[in-house]
Amino acid sequence: MKTVLVYHPDEADRYAALVRAPRARVAIHVCATPEDAARVAPEVDIVYGWRLPPFIYEKAPRLAWVQAMGAGVDWVLVPELPPHVVVTRAPGVFGPWMAEYVLGWCAFVSQRVEAYRAAQRDHRWMDTVLPGRLRGSTLLVVGLGDIGKTIARLAGRIGMRVLGVSRAGAPVRGVERVYRTRDLRRALVAADWVVLTVPLTPATRGLLGAAELAAMKPSAWLLNIARGPVVDETALLETLRRRAIAGAVLDVFTTEPLPPEHPFWDLDNVVVTPHIAGPSTPEEIAPVFAENLTRYLAGRRLRHIVDRRRAY
Ligand code: OXD
């Protein structure tokens, strides 16, 4: 019999409740703390989890497969994870959430929400300020995996011009032009909105540094829904303070939770959200895991396998 560890610091029970498996063929441990997970680790063949602490891998000699509950797999692909362990993702789940997040915040800016709300507080009829249009503005999607493509599609539907950046620069339907990563600065020059959707890998760490930020239009907004370390946060802070770009919507940070004393909180051209752009819900992840578990138990190849060399 195979043993599954369902691990989630806050919602392990909810995830476990939706695991549909032939009971006779699978035993399930439900853990919410590293200590509990460490105790059962020696029996575990499969991890269905979120942010399992790396030291657990060394205690799990039978481990063969990790199904990530979140969008990113950087927490799985740590040096402690043995090379033979297969890692799978849940594509298709997070893109729709993140596309709404991105377009919602673009609209928040273009519709001048803050200005009208401030005028309302003063009982002021402010008809001298007009909203902007997203239609016709240029969105640059940096990272054209399934999340980036979903954002590009939705943006295209409302008439935004969509550009992209990917490692290989291969054409993507609905994206007017795809630049290679090495041409990132050329792409940034053209964008009104820059959204980061790349995974955190050695190649993307620090991808947006001072030089890249300097290439952006002074009127452009940056939206980071990838990982904090993809951006040089010191350079970003300095860029925002000088108003060398218009603003940033930041959902991810190098240190999370963002420390209360961090200067990002107080900048009027920064929106801080607490890593919620693509929430994981047990209901949406369960079918992905269920299908793969059926395959696993039947000895078939799993779907959505992460290429460990590329780290996504
Ligand atoms: C993530 C997530 O991986 O929120 O960041 O799912």
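In what order do the seven strands of the open sheet with parallel pairing stand? The order is 8-7-6-9-10-11-12, where strands are DSSP runs of E with at least two residues, helices are runs of H or I with at least four, and both are numbered from the N terminus. Two strands count as paired if DSSP finds at least two bridges between them. The model is a predicted one, in which local features need pLDDT of at least 70 and side-chain atom pairs count only at pLDDT 80 or more, while totals for chains, interfaces and linings use all residues. Residues are numbered from 1 along each chain as its sequence is written, and side-chain values use heavy atoms, with hydrogens and water left out.

Strand 6 (residues 138-142) and strand 7 (residues 161-166) run parallel and are joined by five bridges, with Val 141 opposite Gly 164 in strand 7. Helix 5 (residues 146-157) lies across strand 6, strand 7 and strand 9 (193-196), and runs at about 170° to strand 6; contact here means heavy atoms within 4.5 Å.

A further open sheet has five strands in the order 2-1-3-4-5, again with parallel pairing. Strand 2 (26-31) and strand 5 (86-88) are its edges, and each has a single partner strand, so one side of each is left without a neighbour in the sheet. In this sheet, too, neighbouring strands are turned by 15° against each other on average, direction ignored. Four bridges pair strand 3 (residues 46-49) with strand 4 (residues 65-68) in the parallel sense, and Tyr 48 has Gln 67 of strand 4 as its bridge partner. Helix 9 (residues 282-297) lies across strand 1 (2-7), strand 2, strand 3, strand 4 and strand 5, running at about 165° to strand 4.

Turning to the ligand, its surroundings consist of Trp 50, Gly 70, Ala 71, Gly 72, Phe 94, Arg 227, His 275, Gly 278 and Ser 280, a residue being included if one of its heavy atoms lies within 4 Å. By class, this shell has three nonpolar, five polar and one charged residues; Ala, Val, Leu, Ile, Met, Phe, Trp, Tyr, Cys and Pro count as nonpolar, Asp, Glu, Lys and Arg as charged, and the others, Gly among them, as polar. Polar contacts (pairs of N or O atoms within 3.5 Å) include one between a ligand oxygen atom and a polar backbone atom of Ala 71, at 2.7 Å. A polar backbone atom of Gly 72 is 2.6 Å from an oxygen atom of the ligand, and a polar side-chain atom of Arg 227 lies 2.6 Å from a ligand oxygen atom. The protein covers 93% of the 210 Å² of accessible area that the ligand has on its own, by the Shrake-Rupley method with a 1.4 Å probe.

His 275, found in the loop between strand 12 and helix 9, has a phi near 55°, a positive value in a residue other than glycine. The peptide bond from Glu 256 to Pro 257 is cis, with omega near -5°, and Pro 257 is found in the loop between strand 11 (247-250) and strand 12 (270-272).

Note on methods: Axes fitted to C-alpha atoms, helices over the stretch in contact; angles between N-to-C directions. Polar contact = N/O pair within 3.5 Å; in protein donor to acceptor, adjacent residues only side chain to side chain.
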